[in-house]
Amino acid sequence: MPLADITPEEIRECFPQLTEVEEVGSGGQRRVFRCATSEVPAFALKVQLIESPLPAQSGVDALSEGPEEPEQDVIPEAIARARRESAILAKCDIPQLAHPGPISLTELKIGTQRLLFSSEEWIDGHTLRSMISAKVQLSNVESLQLARDLTSAVEALDKMNILHRDIKPENIMHRKDGGWVLIDLGLALERGATSLSQPGAIPGTTPYFSPEQTDITRKHSIDSRSDMFAMGVVIYEAMSGIHPFANRFMTPVQIVTAIRNTEPRALDELRPDCALGVRTIVTRLLKKRPHARFGNPNVLAAAITKALAALEET
């Protein structure tokens, strides 16, 4: 069920402290508003429809507060994911991951809809997807800078024993003042924790699955090398404009089969100017077996630093 239109005036009625409210994105069950308060000049307010509401309550509930929580099995999936994302963001203080905004996780009712509100920092920039769609191809240095910043984000999550599980161009922002940010931790999961997905379902976006992510029998052994595989797909696509395994005519089953069994075209065939250091990193990131990739984000970061230094010398 799609989320009905919500006006800026309705948002202001819910949060009187807001001085500016402007809708900047929408789709399906979500809306995104650019907001401001007297103390915070800009932040993103995300609104999501809750299909399975909690038992009827009156007023506004700040879900991140209070000493007690309902049992996990009665918490709607959307709320559980948002709680998890908020908790992760609160622990990460690096520019490569978005920071929490001033409005805490809140559930309230507008009209007949029960909605979930959350906020995070406003990132002034563009998604990598919009750049790829505009036929922008990153240079060797830019590709390594993208790899470096994504590695910093994955490393920060890995230190908390957390997998992102949905690294893709839509979830990567390029700040206008430079630097890349990994966003949307809605599918992030602590290794060994109970997944919020339906039994048998694979969380994430099919074209950016790692080979091991497509095998539900291996889900408990997946680690940061799975996120690094997705990074390899993203960097390949950012440099060439072409996905290494998928195209719009393929079914999800065909895409999964290609991810498991097909070797992508060599990156330098699509980009003859691709530097050896970039090609080596991407090729290793896209290895089918996790043990053939970089062992951890630290090892990958060292390889990126070496490749950047080599480009500076040429």
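**View 1. Burial and surface of the protein.** In this predicted model, buried residues account for 47% of the 314 residues in the protein. The accessible surface of the protein comes to about 15700 Å², and carbon and sulfur atoms hold 51% of that area.

**View 2. Helices, strands and the contacts between residues.** The protein contains nine helices together with 11 strands. When contacts between residues at least 6 apart in sequence are considered, 66% of them join residues that lie at least 24 apart.

**View 3. Confidence along the chain, with residues 52–74 in focus.** Across the protein the average pLDDT is 87, and 87% of the residues reach a score of at least 70. Over residues 52–74, by contrast, pLDDT stays under 50, although the model still has 34 contacts for these residues beyond four places in sequence.

View 4. Rolling a probe the size of a water molecule over the atoms shows where empty space is left. In this protein the count comes to one cavity of 30 Å³ or more, and the volume of the largest cavity is about 50 Å³. The residues that line the largest cavity include Arg165, Asp166 and Ile167, and also Gly204, Thr205, Tyr208 and Phe209. Gln213, Ser226, Asp227 and Ala230 are likewise part of the lining of the largest cavity.

**View 5. The lining by residue class.** Sorted by class, the lining of the largest cavity is made up of four nonpolar, four polar and three charged residues. Among the charged residues of this lining are Arg165 and Asp227, while Ile167 and Phe209 are among the nonpolar ones.

How values were computed
Residues numbered from 1 in each chain as written. Predicted model: local features only at pLDDT ≥ 70, side-chain atom pairs only at ≥ 80, totals over all residues. Heavy atoms only, no water. pLDDT = per-residue confidence, 0-100. Contact = heavy atoms within 4.5 Å. Helix = DSSP H or I, 4+ residues; strand = E, 2+ residues; numbered from the N terminus. Buried < 20%, exposed > 50% of the residue type's maximum accessible area, 1.4 Å probe, protein only. Areas by Shrake-Rupley, 256 points an atom, 1.4 Å probe, with all protein chains shown as cover. 1 Å grid on protein atoms, 1.4 Å probe; cavity = no way out; pocket = protein on both sides within 12 Å on 5 of 7 lines; lining within 4 Å. Points joined across faces, edges and corners; volume = space filled by probe spheres on them.
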